[in-house]
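Please look over this model with me. My notes are below, as numbered points.

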Amino acid sequence: MHAISLSVTAKHTQAVSLGFLALVTGRPDPVLFRRSMGLADDVKVCHLTDDAPTTKAPKLNVWSQISPEEVKSVWDFVHNPSVGLNLTAPENATVTDNYVYFIDTLPVNKTAALPYLDGNNEAPPKFARVVIFEGGREDPVSQEYMVKLPIHEGSQVEKLDYLFNGGSGGTVPFNARYFDGKRSAASEPLLASLMTSIADITIDIFGGAYYGSSDERTNLTSATATPNSFDGTTAYRTVMFRYPGLASYMVPLDFYIILNVAGTDSSLYALKGFVTKSRFFPTVESLRAAYEAGELAQEFPQTRDNTWAYVNHKPEMGVRDLDDRLAPQSLEIGGKRYKFDPAERYVEYMGWSFYMAFTRTLGLMFYDIKYKGERVLYELSMQEAAAQYGGHQPKAAGTVYHDTYYSFGTYSATLVEGYDCPFGSTLLNISFPEGSGTEVHPDALCLFEADPGYPLARHRTGASNDWGFSQLGTVKASSLHVRTVATVGNYDYMFTYAFHVDGSLEVEVRASGYLQSSPYYKDQEKWGPRIYEATQGSLHDHVLTFKADFDIVDTKNSLQVTELIVANQTQPWFEELGIFEQMELNVTNKPTEEMLYWGGNGQTMYSVINPDAKNAWGVPRGYRIVPGRSNIHLSVEHSPFSQKSSTFSKSHLAVTRHHDSEQYANSWQNVNLAKRPQHDFAKFFDGESVDGEDIVVWFNLGMHHFTRSEDVPVTLFSEAVSSILLAPQNFNDRAQEGDLLNRRWIVANSTTGQLSYEDYGVALPTCKVQLEEPVDGLSQWTTV
Ligand SMILES: *[C@@H]1O[C@H](CO)[C@@H](O)[C@H](O)[C@H]1NC(C)=O
Ligand SMILES: *[C@@H]1O[C@H](CO)[C@@H](O)[C@H](O)[C@H]1NC(C)=O
Ligand SMILES: *[C@@H]1O[C@H](CO)[C@@H](O)[C@H](O)[C@H]1NC(C)=O
Ligand SMILES: *[C@@H]1O[C@H](CO)[C@@H](O)[C@H](O)[C@H]1NC(C)=O
Ligand SMILES: *[C@@H]1O[C@H](CO)[C@@H](O)[C@H](O)[C@H]1NC(C)=O
Ligand SMILES: *[C@@H]1O[C@H](CO)[C@@H](O)[C@H](O)[C@H]1NC(C)=O
Ligand SMILES: *[C@@H]1O[C@H](CO)[C@@H](O)[C@H](O)[C@H]1NC(C)=O
Ligand SMILES: *[C@@H]1O[C@H](CO)[C@@H](O)[C@H](O)[C@H]1NC(C)=O
Ligand SMILES: [Cu+2]
């Protein structure tokens, strides 16, 4: 809330006034609406900066994350020697020790939450999830545990197995576990010694060398690719090099080294080989021989300077006329129209209500989404942000990202008011466990109501007078947006959940940030165009998987498929036409769990319905799943890098039966287990009925990233966008607009022609708006 203040005495006294806007109420006639500028000095200031009115959530937020005190108590508990986990403090640990990797909130079971939400049961107990990297064991693994809260005499640590269906529960073999700093450190001496032994070559070709990550002479940046294993039996580390700098992703070098790094005994680690110019050199000697034969010269030298890829103003591009004026803004000039319960992170807006939760692994999640008091969704959450690349060098050709692997939620951070979210937005902190503490990212989540820029509904009837109508009704559209931006390495993924006043809910993801680019070669344009002097935009797919656990009114739901088919028929009043085609509907329910695809020509509609809940017209109530932009799935189905670890990203959508054990589409370390997944989405499809059952819909957003020079310096949110709409489908008896007051009803008197305006008491405000921007910076991250 810091970027707007009501007066110069507010928080930021050095604030710069950004703009002034005034609207005057009135019934200007004959002009229907007119804005007038130039107000008297005593005109009041709009309530842009007021906090949202508060409300009290009907129930506790049982999905909320565990508190900083709970995190600390769990940390202390698992480190207690009597618990027997034999833990070393992470700052002192190496790969051969046992140490806590992270603590997070264990999701509450739906079967435990519903009796609390809908009945008189006690709130279910909370549990912490603890990931311990157990390198100190004979058979080193990553092991997940669950710990019931609060910690007390006799607290237990239990293996957390039920969330993973791959057969080994919460155990991940060392070779497949997250490639953390300890694993990098274990292979660093080998990397440094090999790269030092060829420093003369890299200096000659690239003007830089790598002597080790902390060696002062090092002036190349190294980056390790994922995955690092296929099944946990072996492990490799692919390192690519770039020029250092803040836009390092855009200045890649054509030099890669692959190390075999299986096990915790680093004395057994070995070189697999070097790659440059698409050639593989299994030894230093073979690389040196090619170098000495003059075969390694680069076709296009990379630019060491990378300021060209900064997201700042580039005066050399010139100036556009009138661009020195402030651009239009979406402002909540009538005051905030949503209520918020900060303690429970519970929101009410125009008939909607929902709870928000946040975890380290998945980030923002929504629970118990109701419209006018009836449940629509039990849960709506992002499950995975995957990406797979194409190319002919070890980085692009082998990269698969699962961003939950990097603890996706930890990357949500600072939003700039007025730019990332409109001026006057409610900015909320997010926090997540980090070590024994809880890290707080201020202003990482925003709520705002915005004008979508079109009326929700309008109609003009009768045209026999001077106005061209005898009645004109028009209704304002509006939606409450919840937004967060997660910057996971190179990319900024912007998630926006929009709750529209008509009862529909839109999920939208946009991507900006740096491409993971490759060194450019003329003969490699099948993986993307040249986008800068020595840089290629690497072809890749983004697939973001969401879980929509619909509960239309209650948990007995079906996935209804309405196909628009063309059938031959006859029309008795046109017997002479014989048999001919007409369209009709073919409505069926999916009998069993299935992975699904959008039909051709948009002729297939998927709706989640409650077969027993009927509207006034006897039609089953439901929500339709409307594809939006770029509803794609992963292109490559049979790659060893994503084979069985990424099944959730390989269809447009899917329907399964709800199980507490099928909480997640993916497990966060699955990216290193493509051939032997810890959690296998394919196993969800075991023929269970989804007709009149508690069902879950999984859907994918994303894009095939056809890279372009307009991805320089960063990919644009305007083009890199994917969305989906969940819209009422016979859920109500009529359109959800008749009860809205933000509308005009204009009637022309048939005799006199005089217009009468009905504004239902919602007049335009008479107030001035002052936008002020802080000049003293943004809030810093803290740990509590
Ligand atoms: C880490 O090791 C140092 C040196 O042995 C020791 O002083 C320190 O207490 C250890 N840290 C923790 C948290 O155990
Ligand atoms: C405890 O872990 C250390 C490594 O940190 C290991 O050397 C030791 O053998 C372990 N002790 C037991 C009893 O497992
Ligand atoms: C990088 O380091 C190498 C030697 O370590 C040196 O020859 C080269 O000039 C350095 N490059 C830059 C740009 O500093
Ligand atoms: C948000 O975080 C900031 C900075 O850590 C802190 O000062 C502020 O009190 C937090 N706000 C809330 C509502 O927790
Ligand atoms: C309708 O009948 C015509 C003539 O037999 C045939 O060519 C056409 O394919 C039929 N259309 C459908 C949808 O069956
Ligand atoms: C209607 O859809 C069902 C399920 O896909 C299918 O079995 C049936 O043949 C379809 N009927 C027509 C007339 O296309
Ligand atoms: C959740 O449900 C699963 C499957 O029934 C069960 O194994 C697990 O213990 C439950 N978790 C909690 C925290 O109660
Ligand atoms: C139209 O205007 C006339 C003249 O003022 C008035 O008598 C009549 O009641 C008006 N009709 C309506 C429907 O308001
Ligand atoms: Cu991309």
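1. The end C-alpha atoms of residues 250–314 lie 17 Å apart. UniProt, in an unreviewed entry, lists residues 250–314 as "domain: DUF1965".

2. This is a predicted model, in which local features need pLDDT of at least 70, side-chain atom pairs count only at pLDDT 80 or more, and totals for chains, interfaces and linings use all residues. Residues are numbered from 1 along each chain as its sequence is written, chains are lettered from A and ligands numbered from 1 in the order written, and side-chain values use heavy atoms, with hydrogens and water left out.

3. UniProt positions follow the numbering used here, feature names are shortened, and annotations may be inferred rather than shown by experiment.

4. Tyr491 sits in strand E23, residues 491–500. Is Tyr491 buried or exposed? It counts as buried because its relative accessibility is 3% (buried is under 20%, exposed over 50%, partly exposed in between; 1.4 Å probe, protein chains only).

5. Leaving out residues up to four places away in sequence, Tyr491 has contacts (heavy atoms within 4.5 Å) that include His540, His542, His705 and Tyr389.

6. Asn429, Val440, Pro442 and Thr782 surround ligand 4, each with a heavy atom within 4 Å of it. An oxygen atom of ligand 4 is 2.2 Å from a side-chain N or O atom of Asn429. For Thr782, the corresponding distance is 3.1 Å.

Terms used:
Helix = DSSP H or I, 4+ residues; strand = E, 2+ residues; numbered from the N terminus. Polar contact = N/O pair within 3.5 Å; in protein donor to acceptor, adjacent residues only side chain to side chain.
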